[in-house]
Amino acid sequence: MRTVYKGQSATEGVTLGRLLRVDRPSTVETSRSVPVDEAFTAVDADLEALEAQLRRDGQDEAADIVSTNRLMAGARALRAAVDAAVAAGTPAATAIAEAVETQAQVLASLPDPTLAGRAADVRAVGRRLLARLAGEAPAAQPGHTDPVVVVAHEVSADDLLTAGSQLAAAVSV
């Protein structure tokens, strides 16, 4: 099946590739979910592995971005907000989603556009946390060699780096 999407391009040209929609929420089924602590630990390990791979590949700037995302995932304020909400009876997935969005809104409201842009990175960390909480495998490069077009409402550096060498384009919808 072929689907054509029309929109405003940032650059000229045509790109063909497999669509990779990265911002669909994970569904946390209690039968498959893991404890919050395990989700945070898994995301830290996932980002550590991605950072190490990028450094081995000589992509130090990209590895630095992942390192920063790792710091965001391990931020005490984020973890404290999640733990407090869970202790108060909020389901873990809701606690993570709300804490992540609160942190993202703080960044998005900053007057510096570079810092405000980090809100997308915090949301990407949140998607990783929710996926791991749901018992899903870590975000990884596609299991094929076809070109990939990453699509999201808000495309983050994490989304682009995860697509790896197959990245052909990215579209914000």
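**Salt bridges, helices and a parallel sheet**

Arg 79 and Asp 83 form a salt bridge, with their closest N and O atoms 3.0 Å apart. The model is predicted. Both residues belong to helix α3, and because they are four residues apart, about one helical turn separates them. Arg 79 is partly exposed, at 22% relative accessibility. Asp 83 is also partly exposed, with a relative accessible area of 36%. Elsewhere, salt bridges with shared partners join Glu 51, Arg 55, Asp 60 and Asp 64 into one network. Within it, the side chains of Arg 55 and Asp 64 meet at 2.7 Å, N to O. Arg 55 is partly exposed at 33% relative accessibility. Asp 64 is partly exposed at 39%. In total, the model has 13 salt bridges.

Another of these pairs is Asp 46 with Arg 132, whose closest N and O atoms lie 2.8 Å apart. This pair links distant parts of the chain: Asp 46 sits in helix α1 (residues 36-56) and Arg 132 in helix α6, 86 residues apart. Both Asp 46 and Arg 132 are buried.

Helix α6 covers residues 118-133. At 1.5 Å a residue, its 16 residues should span 22 Å; the end C-alpha atoms are 23 Å apart, so the two values agree. The helix is mostly covered, with 15 of its 16 residues buried. Gly 135 follows α6 and has a positive phi, near 85°.

Asn 69 lies in helix α2 (residues 60-73). It counts as buried because its relative accessibility is 1%, under the 20% cut-off. Beyond its neighbours within four places in sequence, Asn 69 contacts Leu 47, Asp 121, Val 125 and Asp 158. Leu 78 is found in helix α3 (residues 76-87). Leu 78 is buried too, with a relative accessible area of 3%. Not counting residues up to four places away in sequence, Leu 78 touches Phe 40, Met 72, Ala 73, Ala 99, Val 100, Gln 103 and Leu 129. Leu 78 and Ala 99 are 21 residues apart along the chain, yet their C-alpha atoms are separated by 6.1 Å.

The model also contains an open sheet of three strands, in the order β1-β2-β3, with parallel pairing. The edge strands are β1 (18-21) and β3 (167-172), each pairing on one side only. From one strand to the next, the twist averages 25°. Strands β1 and β2 (residues 148-152) run parallel and are joined by four bridges. Arg 18 has Val 148 of β2 as its bridge partner.

Technical notes:
Residues numbered from 1 in each chain as written. Predicted model: local features only at pLDDT ≥ 70, side-chain atom pairs only at ≥ 80, totals over all residues. Heavy atoms only, no water. Helix = DSSP H or I, 4+ residues; strand = E, 2+ residues; numbered from the N terminus. Expected span 1.5 Å × (residues − 1). Buried < 20%, exposed > 50% of the residue type's maximum accessible area, 1.4 Å probe, protein only. Contact = heavy atoms within 4.5 Å. Pairing = 2+ DSSP bridges. Axes fitted to C-alpha atoms, helices over the stretch in contact; angles between N-to-C directions. Salt bridge = Lys/Arg side-chain N within 4 Å of Asp/Glu carboxyl O.
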